[in-house]
Each structure stands twice: as structure tokens, then as C-alpha cells.
Amino acid sequence: HFQAKMVKIVKKKTNNFHRFQSDRFSKVKASWRKPHGIDNRVRRKYKGACLQPKIGYGSDVRTRFLLPNGQYKFRIFNLKDLEMLLMHNKKYCAEIASTVSALTRKAIKQRAAELNVHLTNGQARLRTLAKH
């Protein structure tokens, strides 16, 4: 069984890296860019300066992309995609893509139950709104 031999998932850094001085200027967006200036304190790694992404923050190879339930995510667009998980329902769980219609979602959910495939967002767009 795949989940029995699972290693503890450790995230070394859970918050994002923000671009230097993106908090000071609206024209400087928050998405990370490496600083290249000759006197830049972030590039020179001064104490107290914001952190830069580096290879050491990477996840353990054994737990990379692994969900807390011990399975990997696989995106489903139609019923045919779901059939691929027939023999891999212990290692992969399905996630219905955001572009899939409510009618197709209903069929996918029903077929997933038959194949014993776990759906991460099985309830999405299937809930009916309570009438006031």
C-alpha cells in the first residue's frame, strides 16, 4: 500500500518570495525578480534583507507534489481521462479541471465512485443553492 511508506511532508518555506521594494512602489509588482544592482543589499545578502529563492528551499524528492492524503494530483477534463486512473487509484487522485461543465462533473463523479478514485473537488458546482 502506497500510503503506508509515506515520508513526512516538510515544507521548508511556506510563504512566497516578494520582489525587493515591491512594498514601496506600486509600479514594482510583487512577483519575484532577481536584483542585479551593483550596490543592492538583497543581492549582496546583507543581514535583515529579504530572502532570495535558492535550491536549498526545494522539497524532498520523495514528497514533492505529494498531497497531504499521500497521493499525487491528476487533472481530469473528461471521462476518458478518468479511465487512465483505473489501475493507479492508490497513487493518484483526480481533480476536475475548472473548465468542465456541471453535467460532465456529475458523470465524472459517478464514474470515479465506481473506479474507487478519490476526487479532490468532487462537490464543486454540484451543490444546489438553498432557496430563501
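The following questions and answers concern a predicted model of a protein chain.

Q: In what order do the elements of the protein chain run from the N terminus on?
A: The protein chain holds two helices and two strands. Strand E1 covers residues 72-76 and strand E2 residues 92-96, while helix H1 covers residues 79-83 and helix H2 residues 102-115. Read from the N terminus on, the order is β-α-β-α.

Q: Is the protein chain more spread out or less spread out than a compact globule, and what is its radius of gyration?
A: The C-alpha atoms fill a box of roughly 60 × 45 × 30 Å along the principal axes. For 132 residues the globule rule gives 14 Å, and the value for this chain is well over that, so the chain is more spread out than a compact globule. Its radius of gyration is 21 Å.

Q: What percentage of the residues of the protein chain count as buried?
A: A residue counts as buried when its relative accessible area is under 20%. The accessible surface of the chain comes to about 10,400 Å², with 55% of it belonging to carbon and sulfur atoms. Of the 132 residues, the share that counts as buried is 23%.

Q: How far apart are the mean positions of the positive and negative charges of the protein chain?
A: The chain carries 31 positive and 7 negative charges. The distance between their mean positions is 7 Å.

Q: Which residue forms a salt bridge with Asp60?
A: Side chains of opposite charge can pair when their charged atoms come close. The closest N and O atoms of the pair are 2.8 Å apart, and the partner is Arg62.

Q: How many residues apart in sequence are the parts that Glu95 and Lys73 tie together?
A: The side chains of Glu95 and Lys73 meet in a salt bridge, at 3.6 Å from N to O. Glu95 lies in strand E2 and Lys73 in strand E1, so the pair ties together parts that are separated in sequence. Both residues are partly exposed, Glu95 at 22% relative accessibility and Lys73 at 44%. The separation is 22 residues.

Q: Which residue is linked with Glu83 and Arg111 in a network of salt bridges?
A: Glu83 and Arg111 form a salt bridge whose closest N and O atoms are 2.7 Å apart. This pair links distant parts of the chain, with Glu83 in helix H1 and Arg111 in helix H2, 28 residues apart. Glu83 is partly exposed at 32%, as is Arg111 at 26%. The network also includes Glu114.

Terms used:
Residues numbered from 1 in each chain as written. Predicted model: local features only at pLDDT ≥ 70, side-chain atom pairs only at ≥ 80, totals over all residues. Heavy atoms only, no water. Helix = DSSP H or I, 4+ residues; strand = E, 2+ residues; numbered from the N terminus. Rg over C-alpha atoms; globule rule 2.2 N^0.38 Å. Buried < 20%, exposed > 50% of the residue type's maximum accessible area, 1.4 Å probe, protein only. Areas by Shrake-Rupley, 256 points an atom, 1.4 Å probe, with all protein chains shown as cover. Lys, Arg positive; Asp, Glu negative; His and termini not counted. Charge placed at Lys NZ, Arg CZ, Asp CG, Glu CD. Salt bridge = Lys/Arg side-chain N within 4 Å of Asp/Glu carboxyl O.
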